[in-house]
Amino acid sequence: MKREEKKQVTEELTESFRESRTIYLTDFTGLDVAEMTEFRDRLAEEGVRYRVVKNTLALRALSESDLPDIADHFSGPTGVVLGDEDPVAPAKVLTEFADEHDDRPTLKVGVVESRVVEPAEIEDMAELPSQE
């Protein structure tokens, strides 16, 4: 990836981090292309985006955003769930999909309205009714 491309990706990620009300980090190890496509489609049905990121670029974007420090969680394969509305809907998709696919993707951490949430809290949120 060229320098200019890296700069553009970092800027896009920074903007996404700033605009998103809900951010969940996942490890997608073990998912094949068909499963990743299905996972992205399910998230898209809820109005949520999923993006696989290079950790170094994500860390730069994180440092330029107002998010709490979750830098330790950007290691290994990382996918970012970005939601603008209800934090429960993507949590439901994540947990339901993981239940169907041998606990993949794995939740690393989340940020909901500028507050760090651990995987257990995300799973608890998945049990709540969605905002309608």
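**Reading the model**

Analyst: The side chains of Thr26 and Tyr50 form a polar contact at 2.7 Å. A polar contact is a pair of N or O atoms within 3.5 Å; within protein, one must be able to donate a hydrogen and the other to accept it, and residues adjacent in sequence count only if both atoms are side-chain atoms. This is a predicted model, in which local features need pLDDT of at least 70 and side-chain atom pairs count only at pLDDT 80 or more, while totals for chains, interfaces and linings use all residues. Residues are numbered from 1 along each chain as its sequence is written, and side-chain values use heavy atoms, with hydrogens and water left out.

User: Is Thr26 buried or exposed?

Analyst: Buried means under 20% relative accessible area, exposed over 50%, and partly exposed in between (1.4 Å probe, protein chains only). Thr26 has a relative accessible area of 0%, so it is buried. Thr26 belongs to strand 1, residues 22-27. Strands (E, at least two residues) and helices (H or I, at least four) are DSSP runs, numbered from the N terminus.

User: Which residues is Thr26 in contact with, leaving aside its neighbours within four places in sequence?

Analyst: Contact means heavy atoms within 4.5 Å. For Thr26 the list is Tyr50, Pro77, Thr78, Gly79, Val81, Leu94, Pro105, Thr106, Leu107 and Lys108. One of these, Pro105, is joined to Arg104 by a cis peptide bond, with omega about 0°. Pro105 sits in the loop between helix 4 (88-100) and strand 4 (106-112).

User: What is the general rule for peptide bonds and phi?

Analyst: Most peptide bonds are trans, and most residues other than glycine have a negative phi. In this model, Asp102 has a positive phi, near 50°. Asp102 is in the loop between helix 4 and strand 4, and its relative accessibility of 64% makes it exposed. Ser114 is not a glycine either, yet its phi is positive at about 70°. Ser114 lies in the loop between strand 4 and strand 5 (115-117) and, with 54% relative accessibility, is exposed.

User: Is His101 buried or exposed?

Analyst: At a relative accessible area of 14%, His101 is buried. His101 is in the loop between helix 4 and strand 4. Apart from neighbours within four places in sequence, His101 is in contact with Leu31, Glu35 and Glu38.

User: How many helices and strands does the protein chain have?

Analyst: The protein chain has five helices and five strands, and their order along the sequence is α-β-α-β-α-β-α-β-β-α. The radius of gyration is 14 Å, close to the 14 Å of the globule rule for 132 residues, so the chain is as compact as a globular protein of that length. That radius is taken over C-alpha atoms, and the rule is 2.2 Å times the number of residues to the power 0.38. Along the principal axes, the C-alpha atoms fill a box of roughly 40 × 30 × 25 Å.

User: What share of the contacts joins residues at least 24 apart?

Analyst: Counting contacts between residues at least 6 apart in sequence, the share is 79%. As for burial, 45% of the 132 residues count as buried.
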